[in-house]
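Entries follow in the order I checked them.

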Amino acid sequence: MIDLYTWTTPNGRKVSILLEELGVPYTAHAINIGDGDQYTEDFLAISPNNKIPAIVDRDNGLTLMESGAIMIYLAEKHGAFLPTETIARAKVLEWLMWQMGGLGPMLGQAHHFVHFNPDKSDYARERYGAEAARLYGVLDSRLEGRDFIVDDYSIADMACWPWVSRHEWQDIDLKDYPNVRRWYQAIAGRDAVQRGYDVPRKVNAIPAG
Ligand SMILES: N[C@@H](CCC(=O)N[C@@H](CS)C(=O)NCC(=O)O)C(=O)O
């Protein structure tokens, strides 16, 4: 049994989508980052960087922060969505790291400087708007002729997808990225993704793309 500490954000949804895809039992605990729940002593004991998501695995007492580490752990524990064959595994980890080091952090900045305060800094809006467009271009090229980022549906897809679901905040029109759009809509149609998107609570319908 897994305890998942999460909120309605792309990094949180990555893990709830994976748990739903794995079909393993878990309990979701809402950490409202708008209200400051991430700074409570109890949460810091699990997630010392005061960010969601984090898990506790009640089977062995493990506490884990960082969505990429959590996804690798859960995929390995349950033997799914992360290949064991060396080359396929390396490619999934390559794109998972691309999400963790590039897509997530840069789109996160775009949410601030493109969506939340577009008029405060032209420099920041232009910088992160351009970087968001560049990253969508990279993903679109990767998905040319492919259903998923690496061979079969994997944690690389589940890590990238919730960030793409916020494309409206990034001022991105998915029609400009037809391979991303096809991939995005196919994954949005999965039952487990629809359930995982609404954890720890439903905020909105999944954007159509
Ligand atoms: N690298 C971390 C980033 C986690 C992260 O940035 N979480 C955000 C929500 S998406 C958060 O908890 N923010 C609260 C805060 O910064 O105080 C991961 O992938 O788990």
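Which residues does Ile-155 touch, not counting residues up to four places away in sequence? I found Leu-18, Met-71, Ala-75, Phe-81, Leu-82, Val-92 and Leu-96. Contact here means C-beta atoms, placed from the backbone, within 7 Å.

I noted the ground rules. This is a predicted model: local features need pLDDT of at least 70, side-chain atom pairs count only at pLDDT 80 or more, and totals for chains, interfaces and linings use all residues. Residues are numbered from 1 along each chain as its sequence is written.

Domains next. I have domain 1 (2–80) and domain 2 (86–190), with bounds from an automatic or database domain assignment. Their C-alpha centres lie 21 Å apart. I see 10 residues of domain 1 in contact with nine residues of domain 2. On the domain 1 side, α1 and α3 each give two or more residues. The largest share, seven residues, comes from α1. Helices are DSSP runs (H or I, at least four residues), numbered from the N terminus.

Then the core. The largest nonpolar core has 54 residues. It is a set of buried Ala, Val, Leu, Ile, Met, Phe, Trp, Tyr and Cys residues joined through C-beta atoms within 7 Å; buried means 20 or more other C-beta atoms within 10 Å of a residue's own. Ile-155 is among those with the most contacts inside this core, as are Leu-18 and Met-71.

Methods:
A residue is buried if 20 or more other C-beta atoms lie within 10 Å of its own, exposed if 12 or fewer, and partly exposed in between; C-beta atoms are placed from the backbone. Two residues are in contact if their C-beta atoms, placed from the backbone, lie within 7 Å.
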